[in-house]
Amino acid sequence: MTAPLLEVTGLSVAFGDTTVVQDLTFTVEPGQCVALVGESGSGKSVTARSLLGLAGRGSHISASRMQLSGRDLTTASERDWRRIRGPEIGLVLQDALVSLDPLRPLGREIGDSLRLHSTLSATAVRARVIEVLRQVGMPDPERALTLRSGELSGGLRQRALIAAALALDPPLVIADEPTTALDVTIQARILDLLTEVKSRGTGILLISHDLAVVSAIADRVVVMKDGRIVEAGPTRALLESPREEYTRRLIAAVPTDKPRGTPLVPGSTGVLPARSSRWTDAVGPVLEARSLVKTYSRAGDRFRAVNDVSFEVARGETLGLVGESGSGKTTVARLALALTRADEGDVLLDGAPFSTMRERDRRPLRSRIGAIYQDSLSSFDPRYSVRRILTDALDTAPVGDRSTVAELLDAVGLPTGVAESRPLFLSGGQRQRVSIARALAARPELIVCDEPVSALDVTVQAQVLDLLNRLQAERGLSYLFISHDLGVVRHMSDRVAVMKDGRIVETGTATDVFTDPQHPYTARLVSDAPRLTLPS
Amino acid sequence: MSELDLRTAAASAAPVRRRRASVGEMLAGLFVLFLLVATVAPGAISWIDPNAISAREAFQPPSLAHWFGTDESGRDIYSRVVAGTSTSLLIGVSATAIGLVLGLGLGVLAGFGGRALDFTVNRVIEVLFAFPGLLLALLVIVIAGPGPVTATIAVGLSTAPGYGRIVRGQLVSIRSSGYVESARVLGHSPARVLTRHILPNALAPLLVLATLGIGQAVVWAAALSYLGLGAQPPAAEWGAMLSAGRTYIGTAWWLTVFPGLMIVLTTIATTVLGRSLTRRTGGTR
């Protein structure tokens, strides 16, 4: 057996008195993909940065062994690191939009490392850049040389970043959440690309919070929590028979292919928001959208963001609206909330006109439709404490039927202590709970959830989804649940509408749409959704 | 993060961050306190009549009897500097207030008045910006005639476009913010959204800027008085005192240095306090 490509033994990283990574041991073989999996704050990104000598000011790194291709990294000086980063270790970062210089064309951006680390001539650099761009599947690589990052889509930007990391053909590539901000179909292509890179003998250290993503490509998984290894092993063994409780929780949190109503947090009681007759006996849908059309003018063109969209949400039901970025989901949400005026079509609330009313007449009805957003922090007045946010919302509830702040916090599983905090100081999961509590305050019948869990870690996402399901069962709420994540939508929805380019291409019960998709686009979405798959 | 961790994290999340004042901030605070006392009760810190003439005591250098020396008529400079505080500060504060009110009007007009009005107000602000502020103030005085009141109005007018632009920017960005939209979704009335969310969030940074603006206004007011366009001699006003002492600058430096020092220190103190306010309130988001 050959020596491992990367060997790390007893790695610890500390900032001042705080140890963020402790006693980490793992190896990466050539052609192998090892995944570091954990939630935000588990120390996985710091680990990746320590391997590049980029842990940052004030960090203290110690390791009994840290070797790359037999070369000791513990004693590397800043000069040595500069020779390692690029030729020896390539780095692919998460946010492709900020990781590429917006003012420089791709050709220069990717060619940088070649000019720095090789003696290739200008023409040879150009040829090599085109070659790697072709390798990563960039359409028309010659033209791409002259494009700037702003002219590329998210998926192509991520490809360009991977190309930059591969340009010097390093034996090891570190990919830090390489697909987190991407749509499912693009995510699937990027994972295919990384698999291909791996098959050429490059070792990959993949960092992700999502077990479903890594299961598609990783050979070994290292589960981290609070800077320590919880469990490590071959992907198949780890997924099939996890030894640790925490690993089981991570696996359980993946919503894909989990039937509706199954709790994603093990140990919590399963509440099936079965649409009990109590709620469904009411006649007619809560919300009905009829032939909605919304056009925006973009660069002189009229652009149909929403094109003839109709749907119904029944009482106590969840309608999942799924589609990729740019498909018009959020515009539909804004139309349903009557925040933008539809060019054609209308929205009915309980069979009565809602979208066509004058704002003044609609205002008293607004408390019946609530909303929660992806970026909950920006939906809170920065000067307000949680208590003020909730009391402010409680004013819209019917007089005589108002909850207290404590009841609201209790309903969403937050301790009363957070009432005096400002949302800025809360975690992402807590903020989303506050925003759910605020939506509940007005006693709505329907809540429009626009990507409510997209910014959250998988385990926190699981808690929030379970919470939404519990509240629905308890209060007979209806949800219009919007997400790009098929796994989440399938887990949450009774019925599903698939959106593409402003149109609904397919509607049906969640089971039908996902097991027997009729439209080719739906079929592609379903097959690309990340699920816990065992590598063959 | 588990539920238990969530709870402990929440308990430790402090609702408000506090930072201790630096030495500079404390000195600035002390100086502003001195200015306030000099304005409200000048008699408490100076005992000589600022306008008492005594030919025998003319041009005395700083001494124990006259801390800052005396001028050509034998008047005590320290008393005059203290007495002048109220005039200078009054001009500075009221000019800033005028600028704020006008700026607020311009900003609200542009921010809420619809597209055409927004365009018009913005062009007006741009034209006003094209002139140096002091030039604009001079123009007002040429039209209205010199004097402390016109100087105040002139300085106020020339600071208004700056405030107006800031108000407009704040209003436009806050109006389309997530929290204003959330309030609309909840069904709150426009008046309530305006008073509870938009105005408080737009005005907080403005008040901080105004603190910085007072120092600037004091300098401008002093400059106008120096040119003989603001407070008129024999009134004890820093700019006017500078101007009067100019003739004797070669022989009696204390006539100009002390009023000048007051202007400089006032500006520095308000600036230091304004910046510290900016840092403290800016960090809340």
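Visitor: How many of the 536 residues of chain A count as buried?
Guide: This is a predicted model. In its chain A, 49% of the 536 residues count as buried. For chain B the share is 40% of 285 residues.

Visitor: What makes a residue such as Leu104(B) buried?
Guide: The cut-off is 20 or more other C-beta atoms within 10 Å. Leu104(B) has 21 of them, so it is buried. Leu104(B) sits in helix H3 of chain B.

Visitor: Which residues does Leu104(B) touch?
Guide: Leaving out residues up to four places away in sequence, Leu104(B) touches Tyr163(B) and Val167(B). Contact here requires C-beta atoms within 7 Å. Ile166(B) is 62 residues from Leu104(B) in sequence, and their C-alpha atoms are 8.9 Å apart in space.

Visitor: Why is Glu177(A) called partly exposed?
Guide: Buried needs 20 or more neighbours, and exposed means 12 or fewer. Glu177(A) has 19 other C-beta atoms within 10 Å, so it falls in between and is partly exposed.

Visitor: Where is Glu177(A) found?
Guide: Glu177(A) is in the loop that joins strand S8 (172-176) to helix H8 (184-199) of chain A. Its phi is near 45 degrees, a positive value in a residue other than glycine.

Visitor: What makes Phe59(B) partly exposed?
Guide: Phe59(B) has 15 other C-beta atoms within 10 Å, so partly exposed is the term. Phe59(B) lies in the loop between helix H2 (23-40) and helix H3 (77-112) of chain B. Phi of Phe59(B) is positive too, near 55 degrees, and the residue is not glycine.

Visitor: What is the secondary structure of chain A?
Guide: Chain A has 21 helices and 21 strands.

Visitor: Which elements does chain B have?
Guide: Ten helices and zero strands.

Visitor: What makes chain B more spread out than a compact globule?
Guide: The rule gives 19 Å for 285 residues. The radius of gyration of chain B is 24 Å, well over that, so chain B is more spread out than a compact globule. Along its principal axes the C-alpha trace spans about 80 × 50 × 30 Å.

Visitor: How is chain A divided?
Guide: Into domain 1 (91-169) and domain 2 (277-528). Their C-alpha centres lie 39 Å apart.

Visitor: What is the order of the six strands in the open sheet of chain A?
Guide: The order is S17-S18-S19-S14-S20-S21, with mixed pairing.

Visitor: Why are S17 and S21 called edge strands?
Guide: Strand S17 (369-372) and strand S21 (503-509) of chain A each pair on one side only. From one strand to the next, the twist averages 15 degrees.

Visitor: How do you know that S18 and S19 of chain A pair?
Guide: Pairing needs at least two bridges. Strand S18 (446-450) and strand S19 (478-483) of chain A have five, in the parallel sense. Ile447(A) stands opposite Tyr479(A) in S19(A).

Visitor: Which helix lies across S17 and S18 of chain A?
Guide: Helix H17 (428-441) of chain A, running at about 175 degrees to S17(A). Helix H13 (329-336) of chain A lies across S14, S18, S19 and S20 of chain A, at about 155 degrees to S18(A).

Visitor: Where is confidence lowest in chain A, and where highest?
Guide: The lowest is in helix H12 (277-280) of chain A, with a mean pLDDT of 45. The highest is in S18(A), at 95. Chain A averages 86, and 95% of the residues score at least 70.

Visitor: What is the pLDDT over residues 275-280 of chain A?
Guide: It stays under 50 there. For this stretch the model has eleven contacts beyond four places in sequence.

Note on methods: Residues numbered from 1 in each chain as written. Chains lettered and ligands numbered in written order. Predicted model: local features only at pLDDT ≥ 70, side-chain atom pairs only at ≥ 80, totals over all residues. Helix = DSSP H or I, 4+ residues; strand = E, 2+ residues; numbered from the N terminus. Rg over C-alpha atoms; globule rule 2.2 N^0.38 Å. Domains from an automatic or database assignment. Axes fitted to C-alpha atoms, helices over the stretch in contact; angles between N-to-C directions. Contact = placed C-beta atoms within 7 Å. pLDDT = per-residue confidence, 0-100.
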